[in-house]
Amino acid sequence: FHDGLTGLPNRALFLDRLTQALSRAKGGTHRFGVMFLDMDRFKFINDSLGHAAGDDLLIQFSQRLQLIIGPQDTLARLGGDEYTILLESVSDVSEALQMGEKIQDALSEPFIVQGHEIFTSASVGIVVDDGQYENHADLLRDADTAMYRAKAGGKARCEVFDQDMHVSAKARLEMETALNKGLEKDEFRVHYQ
């Protein structure tokens, strides 16, 4: 139930706690939030300084995040440079956004890795549940979608999920599928103007 590198809860433990939070939220007034974090520029750092340096950065990154989350909250490493945070009790989206700001502030200080000063940040996707989610898969999908919107918006940002993001992602997938099928069937024609 724990990540071998950082000692944080892993995906299995996180999903167990998320399932419990979903149960508590059904039909009640309990609200919780999920944050999906992806370290910005991690691949570049890993490729330029090596995997040992990347591992050291992941450990320091984890320790810094642990310092700012509440004692009842769960910080987990899903794998690679992807993390999730279960905010056990939030009153509204603004409270989750405040945590996002705390994360960005905590990451603004450099990390010292093998004698190098490393600056990194995180792209953060946020979902606040008020009982509308039926399962953890949909909740994580939406937090992940919001995280990718944050990354596309310039990194070191927080984005709150909204339904338009899901519609846009679904439309993009359908367009890619249609384009690939069109290429396979030789359905494209070139027109010059």
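This is a predicted model: local features need pLDDT of at least 70, side-chain atom pairs count only at pLDDT 80 or more; totals for chains, interfaces and linings use all residues.
Is Thr-6 buried or exposed? Its relative accessible area is 18%, and because buried means under 20%, Thr-6 counts as buried.

Now let us move on to the aromatic rings. A pair of aromatic rings is described by the distance of the centres and the angle of the planes. In this model the count comes to 2 aromatic pairs. In one of them, the rings of Phe-61 and Tyr-83 have their centres 5.1 Å apart and their planes at 45 degrees, so this pair is tilted. The pair links distant parts of the chain, since Phe-61 belongs to helix α3, residues 51-68, while Tyr-83 belongs to strand β3, residues 82-87, and 22 residues separate them. Phe-61 is buried, with a relative accessible area of 0%, and for Tyr-83, which is buried as well, the value is 0%.

Phe-61 also pairs with Phe-111: here the ring centres are 6.4 Å apart and the planes stand at 35 degrees, so this pair, too, is tilted. Again distant parts of the chain are linked, with Phe-61 in helix α3 and Phe-111 in strand β4, residues 111-113, at a separation of 50 residues. Phe-111 counts as buried, at 1% relative accessibility. Taken together, Phe-61, Tyr-83 and Phe-111 form one aromatic cluster, and over the face of Phe-111 lies Arg-64, at 3.7 Å from the ring centre.

Finally, a word about empty space. Rolling a probe the size of a water molecule over the atoms shows where empty space is left. The second largest pocket holds about 160 Å³ of space. Which residues are the closest to its centre? Of the 13 residues that line this pocket, they are Asp-73, Leu-87, Val-90, Glu-95 and Met-99. The largest share of the lining, 4 residues, comes from helix α4, residues 93-107, and by class the lining has 5 nonpolar, 4 polar and 4 charged residues.

Notes:
Residues are numbered from 1 along each chain as its sequence is written. Side-chain values use heavy atoms; hydrogens and water are left out. Rings of Phe, Tyr and Trp (its six-membered ring) pair if their centres lie within 6.5 Å; planes under 30 degrees apart count as stacked, over 60 as edge-to-face and the rest as tilted. Helices (H or I, at least four residues) and strands (E, at least two) are DSSP runs, numbered from the N terminus. Buried means under 20% relative accessible area, exposed over 50%, partly exposed in between (1.4 Å probe, protein chains only). A charge sits over a ring if NZ of Lys or CZ of Arg is within 6 Å of the ring centre and within 35 degrees of the ring normal. On a 1 Å grid over the protein atoms alone, a cavity is a set of points where a 1.4 Å probe fits but cannot get out, and a pocket is an open set with protein on both sides within 12 Å along at least five of seven lines; lining residues have an atom within 4 Å of a point. Grid points are joined across faces, edges and corners, and a volume is the space filled by probe spheres set on the points. Ala, Val, Leu, Ile, Met, Phe, Trp, Tyr, Cys and Pro count as nonpolar, Asp, Glu, Lys and Arg as charged, and the others, Gly among them, as polar.
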